[in-house]
Structure formats: C-alpha cells, structure tokens
Amino acid sequence: MHFIDFHSHLDWYEQDSSFYTQIQNYRGIIVSASVDRESYFKNLETARRAEKLNPEITIVPTAGVHPENAERELERLEEYRELCAESPLTGEIGLDFYWYRNVSPLAQEKVFRFFLECCDEMHKYCVIHTKGAEEKIAAILEEYPHAKPVIHWYEGPQEIFDEFVRRRYYQTFGCETVRSQRIKNFLKKIPSELVLAETDNPSAEPWLGGTENGLNLIERIYSDIAEVKGLSLEKISEIINENARKILGECGIKSAANQ
C-alpha cells in the first residue's frame, strides 16, 4: 500500500544511515515543506538522493517561508520568486499570531502576500499555516482567487473552518486528530474529497507526547482518519490518495503512487 504524506519537514531529520534506511523502505510520496531557502535546498538534495535509493518513493520539495522566519527573510524575498516558479507547489507559508507573537505581524503579512501573489500569478497550490490568524488569512485569501490553498493542521474557529470548506479548500489532518475532539469534529464534518493526511514530521508527534516520528508514521495517521470517519483503512487510503493525486497531478508530479 502506498501512502501520501502531504506535509513533512525531511530537512529536520538527521541525514544519517537510519534516515536513509527509512527512505529505502518507504512506499509513496512525501511533500517536504521548507521554512526558508536553506531548508528548500536541503529538501532538494534529499529528494535527489532518495530517487537513487528507492524508485517507489517520491519526495516533493516545496519552497516557502514559515511565519517564524518572516523578519529574517523579508529583505530577500525577490530571491524566492524563481524558487516559487520552479517548486511544483508552495509551502510552508502563512501567518502565526499565537506561537510567534514576537515576529512582526506586518513582516509576516508582507511575506505571506508575496508568496500568494506568486501563487496567484502561477495558479499554484500553497500549503498554509494559520495559527492564531485564521480570520485574517481567510480575508487575505479572497484577494488571490487563483492561488489554490491547502490548509495545514487547522484547529481554529469553527466559522472559519466552515468558510474554508465552503470555498472547497483541501485540509490536512495529522498527529493531533485523535487527541483533539475539535479536530475530530472538523474531520467528521469535512467532505471526504477535501481530506489530506500529514505527519508534520519529525517534530509534531514528539511535541504532542508521542515517541514515533519515523516516515511510516503516516500509516497510523491514515488509520486515525479512517477511525474518525468510520471507514476502513483501505477505503480511506483510496480517498486520501485520490485527493492527493489530483493535486500532485495538476502540479506535474509523476510517481508510482500517483498513477
């Protein structure tokens, strides 16, 4: 069975033999988000090495600037225009007024809008971080109708969730799904054709109190989503993979798991 992890940070792993053994044994696709230029180039190198080791894995590096890094990267934004053009989709971008209150909201918004402008011009998908800024993000996204948002790990207000669903934005569900009644309720309510799976590896599961942060954690996430949705693992795999294949196919990604 192939799995598609739509949001991970492979550059955060120790690039050692244990990591590349996991790469050799993985079957499916990993969308590896970047938080700045350096992480994007690390993800590109991991993807190149993985391709030589295992024909059944596809790593999709995506260029972006996490809101945590907005102030640092603000003066370098033009350097990202070419990266945004070459990257099949964009991420991780967004706003965070909860965990990163020390980062200028104005700088965050300028960086966010820069990437949205690129995505709007290029009709690209973009993976969006929303923590503590959900209402503002919903308003900003209306200004970029040709950008294609994928909402990452949403746990904000119900009314904004409902608006994102009304707009038919895809949303990722991950490690917190079975730990949060709010997220369970979101997952129960969202149409299955908008559901994607993510691990946010390697930090999310340990941050929530778990111990597993290997690449195959995505299998458990699929099972968690299946449990909440009241579906079999086989059925939820079919649904999630079809959703992800649709996006990745539009982005020009070809792989064994995308046929």
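**Group meeting: a first look at a parallel sheet**

Let me start with strand S2, residues 28-33, which pairs with S3 in the parallel sense over 6 bridges; strands here are DSSP runs of E with at least two residues, numbered from the N terminus, and two of them count as paired if DSSP finds at least two bridges between them. Please keep in mind that this is a predicted model, in which local features need pLDDT of at least 70, side-chain atom pairs count only at pLDDT 80 or more, and totals for chains, interfaces and linings use all residues. Residues are numbered from 1 along each chain as its sequence is written, and side-chain values use heavy atoms, with hydrogens and water left out.

Within that pairing, Val31 has Val60 in S3 as its bridge partner. The sheet itself is open, has 3 strands in the order S1-S2-S3, and pairs them in parallel. Strand S1 (3-8) and strand S3 (57-62) are its edges, each pairing on one side only.

Turning to the helix, H2 (residues 37-53) lies across S2 and S3 and runs at about 165° to S3, where angles run from 0 to 180 degrees between N-to-C directions of axes fitted to C-alpha atoms, for helices over the stretch in contact, and contact means heavy atoms within 4.5 Å.

For the whole protein chain, the secondary structure comes to 11 helices and 8 strands, a helix being a DSSP run of H or I with at least four residues. Along its principal axes, the C-alpha trace spans about 45 × 40 × 35 Å. Finally, buried residues, meaning those under 20% relative accessible area with a 1.4 Å probe and protein chains only, make up 59% of the 259 residues.

Terms used. Buried means under 20% relative accessible area, exposed over 50%, partly exposed in between (1.4 Å probe, protein chains only).
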